[in-house]
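Hi,

Here is the structure I promised to pass on, with its sequence.

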Amino acid sequence: MLIAGAGPVGLLCALLLGLRGLRVRVFEACGSPQEDPRAATTHPATLELLAEAGLVEDMVRVGLVAPVFQFWDRPTGTLVAEFDHAVLKHDTAYPFVVQCEQFKTATLVLKRLRNLPNVEILFEHEVVDASQTEKRVTVTVRGPDGIASHEGAYLIGADGGRSTVRKRAGIAFEGFTWPERFIVLTTPYDFEARRGYCPRSYFADPDEWCNCFKVSANGPPGLWRTVFPTNPEACDEELLSDEAVQARLQNFFPSSEPYEIVHRNLYVTHQRVASAFRLGRVVLAGDAAHVNNPIGGMGLNGGIQDAANLSEKLAAILLDDAPERQLDLYDRQRRVVAVEFVQQQSIENKKRLEAHDPEVRARNLAELRDIAADPERARQFLLRTSMISSQRRAAAMTLE
Ligand SMILES: Cc1cc2nc3c(=O)[nH]c(=O)nc-3n(C[C@H](O)[C@H](O)[C@H](O)COP(=O)(O)OP(=O)(O)OC[C@H]3O[C@@H](n4cnc5c(N)ncnc54)[C@H](O)[C@@H]3O)c2cc1C
């Protein structure tokens with residue numbers, strides 16, 4: 001088995017296949033897992049899958065448990081609705097999310113991989129080409145010692161949004177790119193102690209929506225990440241200067257002191273899904289297969305779910321002579337989740353926060369209030385946000 005990309009999704013595929021005894025070789029262009037602050041929120045449906053690999057306890061140890069999330073109306077500073085995953089206690093063993101930064105999850109997986117002699121990870125090895133015959137797949141890899149070819153039975157493209165594997169396979173990445181970039185500003189300023197925001201707080205605002213959430217970082221008191229949209233006309237320097245980021249945070253919540261900012265970054269945000277997740281012996285997983293805006297924290301969750309689904313099917317094909325058509329089922333199940341659920345929900349989440357029309361805004365906020373006040377509606381809402389309903393939908397699908 002060959003895997004392009006040692007991000008969290010590629011590494012998890014390697015672990016799940018390696019634990020089943022398959023020989024796996026992973027190629028990673030960089031020298032180590034990437035540490036920039038991206039995914040943190042790990043939803044109940046994903047925790048259920050990670051538990052099978054024995055990862056949840058460690059994620060809780062290095063992350064933090066967040067049972068509740070809130071919606072705020074930023075212009076009036078009022079709390080609109082609070083949702084507690086406790087209503088899912090009969091639906092899942094994990095009625096909470098775990099805020100665990102993705103490089104920590106990747107590092108936990110990497111540690112386990114070091115005990116598996118059948119898994120080899122080649123850092124500083126970039127996949128530059130991929131081709132296949134009926135029986136084998138071949139990748140061309142540029143490493144410190146030059147260019148080399150490697151052969152395997154299947155290739156997983158887990159090489160991120162700009163996936164070389166996807167491009168070399170000629171698979172279209174359908175969708176669109178938002179005109180505005182998102183800025184992430186990370187600060188130790190304790191929004192919970194000073195303002196009462198819970199560790200996952202969403203702010204609706206026609207002028208500037210915000211996501212504000214806490215990660216445990218290197219230990220207490222942790223860090224807060226704020227995510228805002230930016231002016232599409234503005235250049236990096238205008239958006240990232242000390243003056244600009246201070247002004248943005250002071251405008252969000254005025255403080256007598258300047259904010260300490262430990263990280264700042266701009267992200268281009270897309271809504272795209274690969275036209276196929278499988279082409280012969282090449283399969284796509286994670287951001288290589290689908291990308292979405294981060295509101296609701298579903299991108300990596302979808303990627304982890306891909307990894308669990310795909311590893312089970314590949315192991316069944318390679319070890320138990322299951323039919324190759326299992327990979328078509330992977331394609332169907334995971335594309336349905338990506339298209340009909342993650343894309344829809346993440347776009348809806350963004351529209352809800354940024355709505356301009358006063359009537360639409362009022363209706364959105366009233367709806368959230370009503371849902372939160374009705375336990376069964378709240379449960380249905382949380383089954384969706386926690387990705388349980390989409391997992392159930394995929395599990396019920398067959399090839400027929
Ligand atoms: C601001 C922000 C916040 C987010 N928050 C959340 C969240 O809370 N919850 C959530 O679920 N998701 C979130 N996401 C999305 C999440 O970060 C991604 O979905 C996740 O990184 C996907 O993991 P991956 O392993 O598929 O891809 P990546 O993390 O992109 O990893 C791909 C790897 O492949 C390597 N690579 C690339 N090309 C090659 C090549 N040719 N050869 C070899 N190696 C290659 C790269 O170096 C990289 O290590 C967020 C994203 C952003 C930007």
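A word on naming to begin with: helices (H or I, at least four residues) and strands (E, at least two) are DSSP runs, numbered from the N terminus. This is a predicted model, in which local features need pLDDT of at least 70 and side-chain atom pairs count only at pLDDT 80 or more, while totals for chains, interfaces and linings use all residues. Residues are numbered from 1 along each chain as its sequence is written, and side-chain values use heavy atoms, with hydrogens and water left out.

Charged pairs

Side chains of opposite charge can pair when their charged atoms come close. I call it a salt bridge when a side-chain nitrogen of Lys or Arg lies within 4 Å of a carboxyl oxygen of Asp or Glu. By that rule, the count is 25 salt bridges.

One of them joins D58 and R61, whose closest N and O atoms are 3.4 Å apart. Both sit in helix α3 (residues 56–62), and because they are three residues apart there, about one helical turn separates them. R61 is exposed, at 57% relative accessible area; on this scale buried means under 20%, exposed over 50%, and partly exposed in between (1.4 Å probe, protein chains only).

E324 counts as partly exposed at 30% relative accessibility, whereas R278 is buried at 14% and R281 is buried at 12%.

There is also a network of salt bridges linking R74, D205, E208 and R248.

On a 1 Å grid over the protein atoms alone, a cavity is a set of points where a 1.4 Å probe fits but cannot get out; a pocket is an open set with protein on both sides within 12 Å along at least five of seven lines, and lining residues have an atom within 4 Å of a point. Grid points are joined across faces, edges and corners, and a volume is the space filled by probe spheres set on the points.

The structure holds four cavities of 30 Å³ or more. The largest cavity has about 130 Å³ of space. Its lining has 14 residues, with F71, Y202, G296, N349 and T385 nearest the centre. Helix α10 gives the most to this lining, four residues.

The second largest pocket has a volume of about 460 Å³. Of its 22 lining residues, L49, A308, N309, E312 and Q391 lie nearest the centre. The elements giving two or more residues to this lining are α2 (44–52), α9 (299–320), α10 and α13 (388–395). The largest share, six residues, comes from α9.
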